[in-house]
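Reader: Hey, I've just opened this one and could use a quick tour. Can you walk me through it?

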Amino acid sequence: MNLRKTPFLAALLLLLAVAACGCMDRESVVPDEVKTQVLAYADPVAENLLAGFNEDNYTKYSRDFSPEMKQALDEAAFEQNRELVTSRIGLYESRKDPVVTETGDYIAVVYKATFEREDGVDIRFVFKKGDEAHQLQGLWFNSPKLRS
């Protein structure tokens, strides 16, 4: 197995485990008033994380991670994932069109992002409902170039 892909595969397995646990719940788009409330905390988290990504600054990148996220995506995994993303699509440039959904105990925000070499990259941020600290529970980058 290619060791460069190990953190990516670990994140994928985590995603599959979360999806399997929530198989009874359907993901649904939240009402506009809930979307506004969620984006009030999700936008600053996204902005900080993506700035940390571009700056190759793990401390900044992981500032809003839950303890489980920090364990699953430590600094070494961050470096490997960042290398994979930047080598295929470059650095982050902008994001737009957030879609906010809920499934069971979780709220997800998916942004369409532009990177240097690809537009329309999905970046998914997952938060736990009721978490006043708004710690990040899950994070995924998805695009055709990243899957190839």
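This is a predicted model: local features need pLDDT of at least 70, side-chain atom pairs count only at pLDDT 80 or more; totals for chains, interfaces and linings use all residues.

Reader: Got it. How many helices and strands are there in the protein chain?

Author: The chain has 6 helices and 5 strands. Reading from the N terminus, the order is α-β-α-α-α-α-β-β-β-β-α.

Reader: And what do the strands form?

Author: An open sheet, with the 5 strands in the order E1-E2-E3-E4-E5 and antiparallel pairing. Strand E1 (28-29) and strand E5 (136-142) are the edges, each pairing on one side only.

Reader: How many bridges join E1 to strand E2?

Author: There are 2 bridges, and E1 runs antiparallel to E2, which covers residues 92-103. Within that pair, Val-29 sits opposite Thr-101 of E2.

Reader: OK, helices now. Which strands does helix H2 lie across?

Author: H2, residues 32-55, lies across E2, strand E3 (106-115), strand E4 (118-128) and E5. Its angle to E2 is about 140 degrees.

Reader: Switching topic: how much of the chain counts as buried?

Author: Of its 148 residues, 38% are buried.

Reader: Last one: what share of the contacts with a separation of 6 or more comes from residues 24 or more positions apart?

Author: Those residues account for 52% of such contacts in the protein chain.

How values were computed: Residues are numbered from 1 along each chain as its sequence is written. Side-chain values use heavy atoms; hydrogens and water are left out. Helices (H or I, at least four residues) and strands (E, at least two) are DSSP runs, numbered from the N terminus. Buried means under 20% relative accessible area, exposed over 50%, partly exposed in between (1.4 Å probe, protein chains only). Contact means heavy atoms within 4.5 Å. Two strands pair if DSSP finds at least two bridges between them. Axes are lines fitted to C-alpha atoms, for helices over the stretch in contact, and angles run from 0 to 180 degrees between N-to-C directions.
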